[in-house]
Amino acid sequence: MSTILVTGGAGFIGSHTCLVLLEAGHDLVVIDNLCNSSEESLRRVEGLSDKSFVFEKIDLLDQPALEQVFVTHSIDAVIHFAGLKAVGESVEDPLWYWRNNVAGTLNLVDAMNRADVRDLVFSSSSTVYGMPEELPVTEAHPLGPVSPYGKTKLAVEDLLRDVAASKPGWRVALLRYFNPVGAHPSGEIGEDPTGIPNNLMPFVMQVAVGRRERVAVFGSDYDTPDGTGIRDYIHVMDLAEGHLAAVERLERFEGCEAVNLGTGQGYSVLDVVRAASGAAGREIPYELVPRRPGDVAAVWSDPGLAKAKLGWQALRGLDEMCRDSWHFQSRNPHGFAKT
Ligand SMILES: NC(=O)c1ccc[n+]([C@@H]2O[C@H](COP(=O)([O-])OP(=O)(O)OC[C@H]3O[C@@H](n4cnc5c(N)ncnc54)[C@H](O)[C@@H]3O)[C@@H](O)[C@H]2O)c1
């Protein structure tokens, strides 16, 4: 069992992964600046696992504080979630995104290098592929992110490829997630976005719980069976288990390698609204509105490499994703802060 530093561990995917890591017997040091999360998620992880761990409120841009983490604790591996992730926000303020996501990672990798810690799992994203040229999307698909957010993810991938090639010993897994949704089945932890949700599932759930009036379905004239966009949604617990598999199998990564984490199965926006209505036990109102610029008709992954390399595959389907999202939302109608 090892000691794993988790950056961004208070966030949506980080908190679920912390729980899975604790349950597998690992020790954790969690750092987060809480810019998009609440410490309450970590208190709940401790409650669910009945285990405690170190938490330090640290910003990745604070290089001395970051270096100190590696001096104070004997870290074996790092899982790096900390980053900003809203595409629209990244278009409005690209400097903030480049500084936080790229300079923040530079500081982290620098601190790792000094401390001789060379095992890293990085949260990348399917946005690095840009417009899909063929489906399903394999790791060999051309890269060409469109938004500043996606470009920061690709820049970090490039940085890590260069660092891993510079000297032996680095073992870096670039995990390219498709569309994470769902929550822990207890309903204790889940996705709690600040402001208007950027992603479909939290928006649908906020409509279901009465916080918003209706779901705007952007585009109903795509070349898909029901005309709405198709995405590869993946349950956050599957994703968390994918991180456990990756960090425990880093010896299979020589240098730096990318792996998709998806289900390989696409669902349309209307499929999600229907499944969410079933989970919530009420019709979720929606309206069809024009397409958003930059959106594509359909994207789904080829998850074959993850299965071969990590011995991992997603197990949970759309109904379970909606059931668990609804469970979290209905138990925490206003998120963590106000429950
Ligand atoms: N959720 C998605 O749809 C999705 C898809 C693909 C990739 N990702 C990536 O996965 C990672 C985790 O995503 P999430 O959905 O859990 O997001 P999240 O916002 O819930 O979690 C990110 C965490 O990082 C923290 N953070 C941000 N900048 C920081 C900094 N400078 N120093 C310290 N902490 C900082 C935030 O406070 C937050 O707790 C992100 O890197 C994101 O880009 C997410």
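Helix H1 gives the shell around the ligand its largest share, three residues. Helices here are DSSP runs of H or I with at least four residues, strands are runs of E with at least two, and both are numbered from the N terminus. The model is predicted, so local features need pLDDT of at least 70 and side-chain atom pairs count only at pLDDT 80 or more, while totals for chains, interfaces and linings use all residues. Residue numbers start from 1 along each chain as its sequence is written.

H1 spans 12-23, and at least two shell residues each come from H1, helix H5 (94-115) and strand S5. The ligand is surrounded by 27 residues, with Gly8, Gly11, Ser37, Gly83 and Ser123 the closest; a residue is near a molecule if its C-beta atom, placed from the backbone, lies within 6 Å of it. By class the shell has twelve nonpolar, twelve polar and three charged residues. Nonpolar covers Ala, Val, Leu, Ile, Met, Phe, Trp, Tyr, Cys and Pro, charged covers Asp, Glu, Lys and Arg, and the others, Gly among them, count as polar.

The loop between S5 (119-125) and helix H6 (148-166) holds Thr138. Thr138 is partly exposed because 14 other C-beta atoms lie within 10 Å; the cut-offs are 20 or more for buried and 12 or fewer for exposed, with partly exposed in between, and C-beta atoms are placed from the backbone. Leu305 is 167 residues from Thr138 along the chain, with 8.3 Å between their C-alpha atoms.

Strand S8 (residues 215-218) runs parallel to strand S13 (residues 286-289), joined by four bridges; pairing requires at least two DSSP bridges between two strands. In this pair, Phe218 is opposite Val289 of S13. Phe218 and Ala216 form the uncovered face of S8, and Val215 and Val217 the covered one.
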